[in-house]
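Please keep the sequence and the model in view while reading.

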Amino acid sequence: MGQDQTKQQIEKGLHLYQSNQTEKALRVWMRVLEKSADPAGRFRVLGCLITAHAEMGRYKDMLKGTAVSLQLNGQVSLSMGNAFLGLSIFQKALECFEKALRYAHNNDDKMLECRVCCSLGSFYAQIKDYEKALFFPCKAAELVNDYGKGWSLKYRAMSQYHMAVAYRKLGRLADAMDCCEESMKIALQHGDRPLQALCLLCFADIHRSRRDVQTAFPRYDSSMSIMTEIGNRLGLVQVLLGVTKCWMIQKELDKALESIEKAQELAEGLGNKLGLLKLHCLCERIYRTKGQQRELRDHVVKFHECVEEMELYCGMCGESIGEKNNQLQALPCSHFFHLKCLQSDGTRGCPNCRRLSVKPGYV
């Protein structure tokens, strides 16, 4: 397959992808990867494949794509970071985001920097440093305002969405609603189904935080419908977590367990350990309420196994990370700790790997 045919087939795949025919687009792009002899075309199609797999929550497939990529640039590092984040491999995710951010700074690539900041917002929201979870998407929004005159509006929409998530976690629900409404408006204008699904999920979470479950449920249903349509299985896990919490608010514990069972099957298939940890935590609360001690003990054990597997604990104080909002600090080796522990210890080396840490990294 020559250069012109490669370009034609890539465009065909993009047309299918934009028409929400993702599986057909993937098949077209895979044929290009198998048959094309054009290095530039192969590299471009790898980027298309990585992006599509990311939106569908296929993080293992993303890593396969990045493994055969022709050069390790900032975009590839960002994609690898997102893949590791989806698999709950947090140190490697942070290491990749650090590389991507360094590449963006060294090459004055503001668009890439904006995207990395959005991913870092998601990273810190997951491990519950909500100040950083807000700081990075706010930085992304600043980049859009300062440099994004000719950029796609999707960059503004994504920064607003990640700000909405952080504001909700911080309990600033009015700010969360404002940001989410702006993001949803852009997503609807551009027919961006993946972002629409995320915004609907965020709207539902905001209403649940207000304990308005009757308003939350239909938004979870709408988000689930789009997530199913586009094949975003990680998104489905997040929706089912929200639905579970709504059933728990209504004291419908058996219905909550039904949602957990569905979410657990999806999370196990994806290899999303953080999702499994959250599900075990919810099961622990449910079985404690129901007084079922055997099931309670099983999920307590599984919860701590997940914490150990993900290394989600501070190497200085030994307390778990991600159970409550805490200020964290990453070192250049990409190990992260409670900020207060690093400040009180005064060491210049990483307590985990003993690598000297003269200064914090970019993230």
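The expected span of a helix is 1.5 Å times one less than its number of residues. Helices are DSSP runs of H or I with at least four residues, and strands are runs of E with at least two, both numbered from the N terminus. This is a predicted model, in which local features need pLDDT of at least 70, side-chain atom pairs count only at pLDDT 80 or more, and totals for chains, interfaces and linings use all residues. Residues are numbered from 1 along each chain as its sequence is written, and side-chain values use heavy atoms, with hydrogens and water left out.

**Helix α15**

Helix α15 covers residues 273–290, 18 residues in all. Its first and last C-alpha atoms are 25 Å apart, close to the expected 26 Å. Buried means under 20% relative accessible area, exposed over 50%, and partly exposed in between (1.4 Å probe, protein chains only). The buried residues of α15 include Leu-274, Leu-277, His-280, Glu-284 and Tyr-287. Their cover includes α6 (90–106), α7 (110–126), α13, α14 (253–270) and α16 (293–310).

**Ser-119 in α7**

Ser-119 sits in helix α7. Ser-119 counts as buried because its relative accessibility is 10%. Contact means heavy atoms within 4.5 Å. Neighbours within four places in sequence aside, Ser-119 touches Leu-78, Asn-82, Leu-85 and Phe-97.

**α11 against α13**

Axes are lines fitted to C-alpha atoms, for helices over the stretch in contact, with angles from 0 to 180 degrees between N-to-C directions. The axes of α11 (residues 193–209) and α13 (residues 233–249) come within 10 Å and cross at roughly 20 degrees. That makes α11 roughly parallel to α13. The cut-offs are under 35 degrees for roughly parallel, over 145 for roughly antiparallel, 65 to 115 for roughly perpendicular, and oblique for the rest. From α11, the contact uses Leu-201, Asp-205 and Arg-208. From α13 come Gln-238, Val-239, Gly-242, Lys-245, Cys-246 and Ile-249.

**Positive phi values**

Most residues other than glycine have a negative phi. Which residues take a positive value here? The table lists Gly-291, Lys-128 and Arg-211.

| Residue | Location | Phi |
|---|---|---|
| Gly-291 | just after α15 | about 70 degrees |

Arg-211 is exposed, at 56% relative accessible area.
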